[in-house]
Amino acid sequence: IMKKHPIILDVDTGFDDAFAVLFAAMNQEVELLGITCVDGNTNVHQVVKNTLKVLDAAGAGEIPVSKGATKPLVEEPLYAEHIHGADGMGDLELPESSRNIDRREATELLRDLVESRPNEITLVPVAPLTNIANFITKYPASAKKLKEICLMGGSASVGNATAMAEFNIWHDPEAADIVFKSGIPITMYGLDVFYLPIITEAEAQRLTNSNEKSAQFAGKLLLSSMRRLKQNVTLGDYGAVAAVLRPSLLRTEVFDVGVETAHGLVRGMTVVDRRPRLEL
Ligand code: RIB
Ligand code: CA
(Lines give C-alpha, C1' and ligand atoms only; values in the text may rest on other atoms or scores of the structure.)
(Ligands and ions follow the chains in the order given, each with its own letter.)
Protein backbone atom coordinates (compact mmCIF):
# COMPACT_ATOMS: atom_id res chain seq x y z
CA ILE A 1 0.00 0.00 0.00
CA MET A 2 1.36 3.38 -1.01
CA LYS A 3 2.02 5.77 1.88
CA LYS A 4 0.29 9.09 1.34
CA HIS A 5 1.74 12.34 2.62
CA PRO A 6 -0.86 14.48 4.43
CA ILE A 7 -0.15 18.05 3.30
CA ILE A 8 -1.65 21.50 3.78
CA LEU A 9 -0.66 24.13 1.22
CA ASP A 10 -0.48 27.86 1.90
CA VAL A 11 -0.43 29.82 -1.36
CA ASP A 12 -0.48 33.24 -3.06
CA THR A 13 -1.51 31.85 -6.47
CA GLY A 14 0.48 32.97 -8.43
CA PHE A 15 1.78 31.52 -11.68
CA ASP A 16 4.08 28.98 -10.06
CA ASP A 17 1.86 28.37 -7.03
CA ALA A 18 -0.55 27.00 -9.61
CA PHE A 19 1.89 24.15 -10.33
CA ALA A 20 2.22 23.41 -6.61
CA VAL A 21 -1.58 23.19 -6.33
CA LEU A 22 -1.94 21.14 -9.51
CA PHE A 23 0.78 18.72 -8.42
CA ALA A 24 -0.50 18.34 -4.84
CA ALA A 25 -4.10 17.89 -5.99
CA MET A 26 -3.26 15.30 -8.66
CA ASN A 27 -0.36 13.30 -7.24
CA GLN A 28 -1.40 9.91 -5.85
CA GLU A 29 1.15 10.15 -3.05
CA VAL A 30 -0.34 13.36 -1.64
CA GLU A 31 -3.34 13.65 0.62
CA LEU A 32 -4.16 17.33 0.13
CA LEU A 33 -6.10 18.21 3.29
CA GLY A 34 -6.64 21.89 2.65
CA ILE A 35 -5.32 25.10 1.14
CA THR A 36 -5.00 28.46 2.86
CA CYS A 37 -4.63 31.64 0.83
CA VAL A 38 -2.63 34.74 1.64
CA ASP A 39 -1.89 38.15 0.22
CA GLY A 40 1.35 38.00 -1.78
CA ASN A 41 1.83 37.92 -5.54
CA THR A 42 -1.59 39.56 -5.74
CA ASN A 43 -4.40 40.44 -3.30
CA VAL A 44 -5.88 37.59 -1.30
CA HIS A 45 -9.34 37.78 -2.95
CA GLN A 46 -7.75 37.19 -6.32
CA VAL A 47 -5.52 34.49 -4.82
CA VAL A 48 -8.62 32.59 -3.68
CA LYS A 49 -10.25 32.91 -7.11
CA ASN A 50 -7.10 31.70 -8.85
CA THR A 51 -6.68 28.77 -6.47
CA LEU A 52 -10.25 27.56 -7.04
CA LYS A 53 -9.71 27.75 -10.80
CA VAL A 54 -6.58 25.60 -10.50
CA LEU A 55 -8.54 22.99 -8.53
CA ASP A 56 -11.08 22.97 -11.37
CA ALA A 57 -8.29 22.45 -13.91
CA ALA A 58 -6.97 19.60 -11.75
CA GLY A 59 -10.40 17.98 -11.61
CA ALA A 60 -9.94 17.87 -7.82
CA GLY A 61 -12.58 16.66 -5.40
CA GLU A 62 -13.74 18.81 -2.50
CA ILE A 63 -10.74 20.36 -0.80
CA PRO A 64 -11.27 23.10 1.80
CA VAL A 65 -9.85 26.43 0.60
CA SER A 66 -9.88 29.33 3.01
CA LYS A 67 -8.98 33.00 2.89
CA GLY A 68 -6.34 34.35 5.23
CA ALA A 69 -4.41 37.56 5.75
CA THR A 70 -5.24 40.51 3.54
CA LYS A 71 -1.89 42.18 4.18
CA PRO A 72 1.46 41.62 5.88
CA LEU A 73 1.71 41.94 9.69
CA VAL A 74 3.29 45.39 9.68
CA GLU A 75 3.73 46.91 6.25
CA GLU A 76 1.43 47.58 3.31
CA PRO A 77 1.55 44.93 0.57
CA LEU A 78 3.64 45.20 -2.59
CA TYR A 79 2.41 42.90 -5.35
CA ALA A 80 4.30 41.14 -8.16
CA GLU A 81 1.83 41.47 -11.03
CA HIS A 82 4.60 42.34 -13.50
CA ILE A 83 5.77 38.73 -13.02
CA HIS A 84 2.46 36.92 -12.59
CA GLY A 85 0.03 38.91 -14.81
CA ALA A 86 -2.71 41.40 -13.87
CA ASP A 87 -4.86 38.62 -12.36
CA GLY A 88 -1.79 37.09 -10.70
CA MET A 89 -2.06 33.94 -12.82
CA GLY A 90 -1.12 34.58 -16.43
CA ASP A 91 -4.33 36.40 -17.53
CA LEU A 92 -5.70 33.23 -19.17
CA GLU A 93 -9.34 34.38 -18.94
CA LEU A 94 -10.44 31.15 -17.31
CA PRO A 95 -14.09 30.79 -16.28
CA GLU A 96 -14.92 31.59 -12.64
CA SER A 97 -15.07 28.49 -10.42
CA SER A 98 -18.35 27.44 -8.84
CA ARG A 99 -16.54 25.93 -5.85
CA ASN A 100 -17.36 27.33 -2.43
CA ILE A 101 -14.73 28.84 -0.22
CA ASP A 102 -14.46 27.35 3.29
CA ARG A 103 -16.20 29.55 5.85
CA ARG A 104 -13.33 29.30 8.31
CA GLU A 105 -10.56 31.89 8.31
CA ALA A 106 -7.14 30.42 7.38
CA THR A 107 -5.83 30.10 10.96
CA GLU A 108 -9.00 28.30 12.01
CA LEU A 109 -8.81 25.85 9.12
CA LEU A 110 -5.16 25.21 10.00
CA ARG A 111 -6.06 24.60 13.65
CA ASP A 112 -8.90 22.19 12.80
CA LEU A 113 -6.86 20.20 10.30
CA VAL A 114 -3.81 19.92 12.55
CA GLU A 115 -5.93 18.91 15.56
CA SER A 116 -7.59 16.23 13.46
CA ARG A 117 -4.21 14.66 12.52
CA PRO A 118 -1.73 15.61 15.28
CA ASN A 119 1.99 15.17 14.46
CA GLU A 120 1.25 13.85 10.97
CA ILE A 121 0.87 16.86 8.73
CA THR A 122 3.51 18.64 6.67
CA LEU A 123 2.63 22.28 6.10
CA VAL A 124 3.91 23.59 2.75
CA PRO A 125 3.81 27.39 2.57
CA VAL A 126 4.83 28.71 -0.85
CA ALA A 127 3.88 32.31 -0.12
CA PRO A 128 4.55 35.08 2.40
CA LEU A 129 4.33 33.59 5.90
CA THR A 130 1.59 35.88 7.32
CA ASN A 131 -1.02 33.12 7.78
CA ILE A 132 1.50 30.77 9.35
CA ALA A 133 2.75 33.41 11.79
CA ASN A 134 -0.85 34.23 12.75
CA PHE A 135 -1.54 30.52 13.30
CA ILE A 136 1.53 30.12 15.53
CA THR A 137 0.61 33.23 17.54
CA LYS A 138 -3.12 32.44 17.90
CA TYR A 139 -2.96 28.68 18.35
CA PRO A 140 0.56 27.84 19.60
CA ALA A 141 -0.42 24.45 21.05
CA SER A 142 -1.95 23.37 17.73
CA ALA A 143 1.02 24.69 15.73
CA LYS A 144 3.34 22.43 17.80
CA LYS A 145 1.35 19.46 16.48
CA LEU A 146 2.59 20.01 12.92
CA LYS A 147 5.01 17.30 11.89
CA GLU A 148 7.11 19.80 9.96
CA ILE A 149 7.11 22.78 7.64
CA CYS A 150 8.64 22.58 4.16
CA LEU A 151 8.50 26.12 2.83
CA MET A 152 9.41 27.91 -0.35
CA GLY A 153 11.14 31.04 0.78
CA GLY A 154 14.46 32.63 1.48
CA SER A 155 17.86 32.00 0.00
CA ALA A 156 21.26 30.90 1.17
CA SER A 157 22.83 33.06 -1.55
CA VAL A 158 21.22 35.98 -3.40
CA GLY A 159 17.64 37.28 -3.44
CA ASN A 160 15.10 38.10 -6.15
CA ALA A 161 12.86 40.83 -4.70
CA THR A 162 16.02 42.67 -3.66
CA ALA A 163 19.71 41.85 -3.90
CA MET A 164 19.57 39.70 -0.76
CA ALA A 165 15.87 39.05 -0.04
CA GLU A 166 13.57 36.47 -1.59
CA PHE A 167 10.02 37.69 -2.32
CA ASN A 168 8.02 35.57 0.19
CA ILE A 169 10.24 36.57 3.10
CA TRP A 170 10.67 40.17 1.92
CA HIS A 171 6.88 40.62 1.62
CA ASP A 172 6.43 39.94 5.35
CA PRO A 173 9.73 39.66 7.25
CA GLU A 174 8.06 39.98 10.66
CA ALA A 175 5.91 36.94 9.91
CA ALA A 176 8.90 34.96 8.64
CA ASP A 177 10.79 35.85 11.82
CA ILE A 178 7.98 34.34 13.95
CA VAL A 179 7.94 31.16 11.86
CA PHE A 180 11.71 30.65 11.86
CA LYS A 181 11.83 31.18 15.64
CA SER A 182 8.88 28.86 16.33
CA GLY A 183 10.89 25.70 16.96
CA ILE A 184 8.84 23.76 14.40
CA PRO A 185 11.21 21.69 12.19
CA ILE A 186 11.66 23.65 8.93
CA THR A 187 13.03 22.68 5.54
CA MET A 188 13.78 25.82 3.57
CA TYR A 189 13.31 25.20 -0.17
CA GLY A 190 14.99 28.46 -1.10
CA LEU A 191 16.00 30.29 -4.25
CA ASP A 192 19.16 28.20 -4.41
CA VAL A 193 17.03 25.34 -5.77
CA PHE A 194 13.86 27.19 -6.78
CA TYR A 195 15.05 28.16 -10.28
CA LEU A 196 16.38 24.71 -11.23
CA PRO A 197 13.27 22.84 -12.53
CA ILE A 198 13.14 24.58 -15.92
CA ILE A 199 10.57 24.01 -18.66
CA THR A 200 11.29 24.79 -22.32
CA GLU A 201 8.85 26.25 -24.83
CA ALA A 202 8.69 22.91 -26.70
CA GLU A 203 7.68 21.11 -23.50
CA ALA A 204 5.05 23.75 -22.73
CA GLN A 205 3.70 23.45 -26.26
CA ARG A 206 3.45 19.67 -25.88
CA LEU A 207 1.38 20.08 -22.73
CA THR A 208 -0.88 22.62 -24.43
CA ASN A 209 -1.56 20.16 -27.27
CA SER A 210 -2.57 17.37 -24.88
CA ASN A 211 -6.16 16.13 -24.53
CA GLU A 212 -5.93 16.40 -20.74
CA LYS A 213 -7.55 19.52 -19.28
CA SER A 214 -4.94 19.83 -16.51
CA ALA A 215 -2.03 19.51 -18.96
CA GLN A 216 -3.57 22.08 -21.32
CA PHE A 217 -3.93 24.47 -18.41
CA ALA A 218 -0.31 23.92 -17.32
CA GLY A 219 0.94 24.41 -20.89
CA LYS A 220 -1.01 27.64 -21.43
CA LEU A 221 0.17 29.03 -18.12
CA LEU A 222 3.79 28.23 -18.95
CA LEU A 223 3.55 29.76 -22.43
CA SER A 224 1.96 32.93 -21.10
CA SER A 225 4.71 33.29 -18.54
CA MET A 226 7.43 32.61 -21.11
CA ARG A 227 6.01 35.37 -23.30
CA ARG A 228 5.86 37.82 -20.41
CA LEU A 229 9.34 37.04 -19.09
CA LYS A 230 10.91 36.31 -22.52
CA GLN A 231 12.71 33.21 -21.23
CA ASN A 232 12.20 29.57 -20.23
CA VAL A 233 10.49 29.42 -16.84
CA THR A 234 10.84 27.48 -13.63
CA LEU A 235 8.07 25.39 -12.08
CA GLY A 236 9.02 27.22 -8.89
CA ASP A 237 6.78 26.58 -5.88
CA TYR A 238 5.96 23.08 -7.10
CA GLY A 239 9.43 22.03 -5.94
CA ALA A 240 8.54 22.50 -2.27
CA VAL A 241 5.82 19.85 -2.61
CA ALA A 242 8.15 17.56 -4.56
CA ALA A 243 10.71 17.97 -1.76
CA VAL A 244 8.24 16.45 0.71
CA LEU A 245 7.67 13.42 -1.51
CA ARG A 246 11.31 12.85 -2.55
CA PRO A 247 13.58 14.36 0.12
CA SER A 248 16.47 12.16 -1.00
CA LEU A 249 16.65 14.04 -4.33
CA LEU A 250 17.78 17.16 -2.49
CA ARG A 251 20.94 17.67 -0.49
CA THR A 252 19.99 19.30 2.79
CA GLU A 253 22.16 20.62 5.59
CA VAL A 254 21.24 21.86 9.05
CA PHE A 255 21.92 25.54 9.77
CA ASP A 256 20.54 28.23 12.03
CA VAL A 257 18.57 30.72 9.91
CA GLY A 258 17.65 34.21 11.07
CA VAL A 259 15.42 36.71 9.29
CA GLU A 260 16.53 40.33 9.00
CA THR A 261 13.62 42.60 10.00
CA ALA A 262 15.53 45.90 10.21
CA HIS A 263 14.64 48.54 7.60
CA GLY A 264 17.86 48.64 5.65
CA LEU A 265 19.52 47.25 2.61
CA VAL A 266 18.95 43.61 3.53
CA ARG A 267 15.44 43.66 5.07
CA GLY A 268 13.87 40.24 4.47
CA MET A 269 17.16 38.43 4.02
CA THR A 270 17.45 34.91 5.44
CA VAL A 271 20.79 34.92 7.23
CA VAL A 272 22.14 31.36 7.07
CA ASP A 273 24.81 30.66 9.66
CA ARG A 274 27.28 28.50 7.78
CA ARG A 275 30.05 28.69 10.34
CA PRO A 276 31.37 25.28 11.36
CA ARG A 277 29.78 24.15 14.61
CA LEU A 278 32.41 23.87 17.31
CA GLU A 279 31.77 21.06 19.80
CA LEU A 280 33.40 22.62 22.90
O1 RIB B 1 10.38 34.22 -4.73
C2 RIB B 1 9.64 33.20 -5.31
C3 RIB B 1 8.29 33.12 -4.65
O4 RIB B 1 7.64 34.38 -4.84
C5 RIB B 1 7.34 32.11 -5.19
O6 RIB B 1 6.58 31.58 -4.13
C7 RIB B 1 6.51 32.89 -6.16
O8 RIB B 1 5.21 32.37 -6.33
C9 RIB B 1 6.44 34.22 -5.53
O10 RIB B 1 5.39 34.28 -4.65
CA1 CA C 1 4.15 31.68 -4.32
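## Basis of the description

Helices (H or I, at least four residues) and strands (E, at least two) are DSSP runs, numbered from the N terminus. The model is predicted: local features need pLDDT of at least 70, side-chain atom pairs count only at pLDDT 80 or more, and totals for chains, interfaces and linings use all residues. Residues are numbered from 1 along each chain as its sequence is written, chains are lettered from A and ligands numbered from 1 in the order in which they are written, and side-chain values use heavy atoms, with hydrogens and water left out.

## Calcium site

The calcium ion (ligand 2) is coordinated at 2.3 to 2.6 Å. Its donors are Asp12 (OD), Asp17 (OD), Asp17 (OD), Val126 (O) and Asp237 (OD). Donors are N, O and S atoms within 2.8 Å of the metal (3.2 Å for Na, K and Ca); water is not among the atoms, so sites may look incomplete. Along the sequence, the donor residues follow the spacing D-x4-D-x108-V-x110-D.

Buried means under 20% relative accessible area, exposed over 50%, and partly exposed in between (1.4 Å probe, protein chains only). Asp12 counts as buried because its relative accessibility is 1%. Asp17 is also buried, with a relative accessible area of 0%.

## Ligand 1

There are 13 residues around ligand 1, and those that come nearest are Asp16, Asn41, Asn160, Glu166 and Asp237. A residue is near a molecule or strand if one of its heavy atoms lies within 4 Å of it.

Polar contacts are pairs of N or O atoms within 3.5 Å; within protein, one must be able to donate a hydrogen and the other to accept it, and residues adjacent in sequence count only if both atoms are side-chain atoms. An N or O atom in the side chain of Asp17 is 2.9 Å from an oxygen atom of ligand 1. For the side chain of Asn168 the corresponding distance is 3.0 Å, and for that of Asp12 it is 3.2 Å. On its own, ligand 1 has 280 Å² of accessible area, of which the protein covers 96%. Accessible areas come from the Shrake-Rupley method with a 1.4 Å probe; for residues, only the protein chains shown count as cover.

## Nonpolar cores

A nonpolar core is a set of buried Ala, Val, Leu, Ile, Met, Phe, Trp, Tyr and Cys residues joined through side-chain atoms within 4.5 Å. The largest has 48 residues, and Leu9, Ile35 and Leu222 have the most contacts inside it. Elements that give two or more residues to this core include S1, helix H1 (15-26), strand S2 (30-37) and helix H11 (213-229). The largest share, 8 residues, comes from H2.

Contact means heavy atoms within 4.5 Å. Leaving aside neighbours within four places in sequence, Leu222 is in contact with Phe15, Phe19, Ile199, Ala204, Leu207, Val233 and Leu235. A second, separate core of 25 residues includes Ile8, Val114, Ile136 and Val179.

Helix H8 (residues 173-180) is largely enclosed by the rest of the structure, because 7 of its 8 residues are buried. Among these buried residues are Pro173, Glu174 and Phe180. The elements against which the buried residues of H8 pack include helix H5 (130-138), helix H7 (167-171) and strand S10 (270-273).

Arg267 lies in the loop between S9 and S10 and counts as buried at 9% relative accessibility. Its side chain makes a polar contact with the side chain of Glu174 (3.0 Å). The side chain of Arg267 also reaches the backbone oxygen of Thr261 at 2.7 Å. Not counting residues up to four places away in sequence, the residues that Arg267 touches include Glu75, Trp170 and Pro173.

## Backbone geometry

Most residues other than glycine have a negative phi, and most peptide bonds are trans. Thr13 and Gly14 are joined by a cis peptide bond, with omega about -10 degrees. Gly14 is found in the loop between S1 and H1.

Asp91 has a positive phi, near 50 degrees, in a residue other than glycine. It lies in the loop between helix H3 (81-84) and helix H4 (106-116) and is partly exposed, with a relative accessible area of 37%. Glu93, likewise not a glycine, has a positive phi of about 55 degrees. Glu93 is found in the loop between H3 and H4 and counts as exposed at 76% relative accessibility.
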